[in-house]
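Please look over the sequence and the structure before reading on.

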Amino acid sequence: LTLTPSRDGVDGDEATTKYFVALPEPGDQKFWEAGDLVGAGSVAALGVLPDGLLVELGTFFVNDEPRCYLRRRQDGGSWFEEDFIEFLPDAHCEAIDMKIDPTLGTLHVLVRRKGGDGLRWWLGEIASWGKGVKNVGLGAVGDTAEAVAWKDGLVAVCGGRPVGNDLDAAAWLHRPNAPVETLLFDFIKPNLGQHHFAETARDCVFSGEVLVVVGEAFGKLEFADEKRNHRFVVEHDTVTDSDTWTVAGPGPGTQSRALAVDVDDQGRYLVAGFTCGDICAADGELRIYKPGGQLDWQAPLGPLNSEFAGPHDIAWHPAGYMVVALADFDGNALRFKVQAYEPDSFVPKWTFFPDDMQGLQIALALAIGQFGEVYAGGIGAGNFPAVAYIAG
């Protein structure tokens, strides 16, 4: 807040002081940090603790080897030395995703770690900030993980698994005191057998008892002359153990991918991704699907011009709009970019660029604070972890 005093009154009269309060406009920069404080690295995920403080999960480098860290920040973005925690110390570790229980403060962290037999995904649990890390799950060599979803004690790791010469999208469900449940998602068209498409899961989220998984299926649909990538949304009912598939048809372009998903206050699925032609020059796109797969709305984000631009994350804001994290590519450099869209509007509600726009920058992760603050994280100039606090 900015308080500006104004004096009222005339000579001989008692003067009163009035203060005019200037509130930040939506999309205004409240805090930005990107510098050599912990070395090179990036922010992979953000979450909010029950006390409202922000936590970032990221990767930094020690002697050119990746390490994983958690960092807690105060309301204004500041942090103490003890707020920076390296976990799995001395292990080759790459941060992937994190979800925080908003009531209990339990942190569910997903990373990629390297052992003597190769790279594996690893799921850890921290009961509350400052507590020890509990080992929850470990993927097999060859499995991939891209995201973690959480709901009332049920944790899902979403990614992919090789099946013979094919690739299936996959999810691993972790319930308290129960063996892990492995789900494989293979898109099957009528008159075709299994494994005619190679599926890759990019993100997932729970909507009630339904696990919503998004990504792309590589194969030949009826409108295509060759195998292409096609956006998919899979709704897996964890109670009935049944799947509902929605795979994109033509337009715009012949290819598409879904990269991020969230759920709005009506239970609809917010999907961020891109479309392109046979030669893939990606155009960013937002879509809203109703449960069951009916397309409710879509809007273009414009040319991305780089595979690194994203969009990388999407989040629903309680004020009734969606926020997307991506990068703007001007032909020479990538710039950290966050945009907000109201459903049914094709014009951004607001767009955020940091005041410092030097060098390569990418917005990778989002979180929404208890009072509507928008937090964004990713890569800043110099390949350093970057965090922004934005007025929501």
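The torsion about the S-S bond of Cys 276 and Cys 280 is about -95 degrees, so this disulfide is left-handed. The model is a predicted one. It holds 3 disulfides, and with bonded cysteines counted along the chain they follow the pattern 1-2, 3-4, 5-6.

**Disulfide of Cys 276 and Cys 280**
- The sulfur atoms of Cys 276 and Cys 280 are 2.0 Å apart.
- Cys 276 has a relative accessible area of 3% and is therefore buried.
- Cys 280 is partly exposed because its relative accessible area is 44%.

**Disulfide of Cys 68 and Cys 93**
- Cys 68 is joined to Cys 93 with an S to S distance of 2.0 Å.
- This link is left-handed, with -95 degrees about the S-S bond.
- It connects distant parts of the chain, 25 residues apart: Cys 68 lies in strand β6 and Cys 93 in strand β8.
- Cys 68 is buried at 0% relative accessibility, and Cys 93 is buried with a relative accessible area of 0%.

**Disulfide of Cys 158 and Cys 204**
- Cys 158 is joined to Cys 204, S to S 2.2 Å.
- The link of Cys 158 and Cys 204 is right-handed, at 100 degrees about the S-S bond.
- Cys 158 in strand β13 and Cys 204 in strand β16 are 46 residues apart.
- Both Cys 158 and Cys 204 are buried.

**Nonpolar cores**
- The largest nonpolar core has 24 residues, and Leu 286, Ile 314 and Met 322 have the most contacts inside it.
- Elements giving two or more residues to this core include β20, β22 and β24.
- Another core, apart from this one, has 21 residues, including Ala 171 and Leu 221.

Note on methods: Residues numbered from 1 in each chain as written. Predicted model: local features only at pLDDT ≥ 70, side-chain atom pairs only at ≥ 80, totals over all residues. Heavy atoms only, no water. Core = buried A, V, L, I, M, F, W, Y, C linked by side-chain atoms within 4.5 Å. Buried < 20%, exposed > 50% of the residue type's maximum accessible area, 1.4 Å probe, protein only. Helix = DSSP H or I, 4+ residues; strand = E, 2+ residues; numbered from the N terminus. Disulfide = S-S within 2.5 Å.
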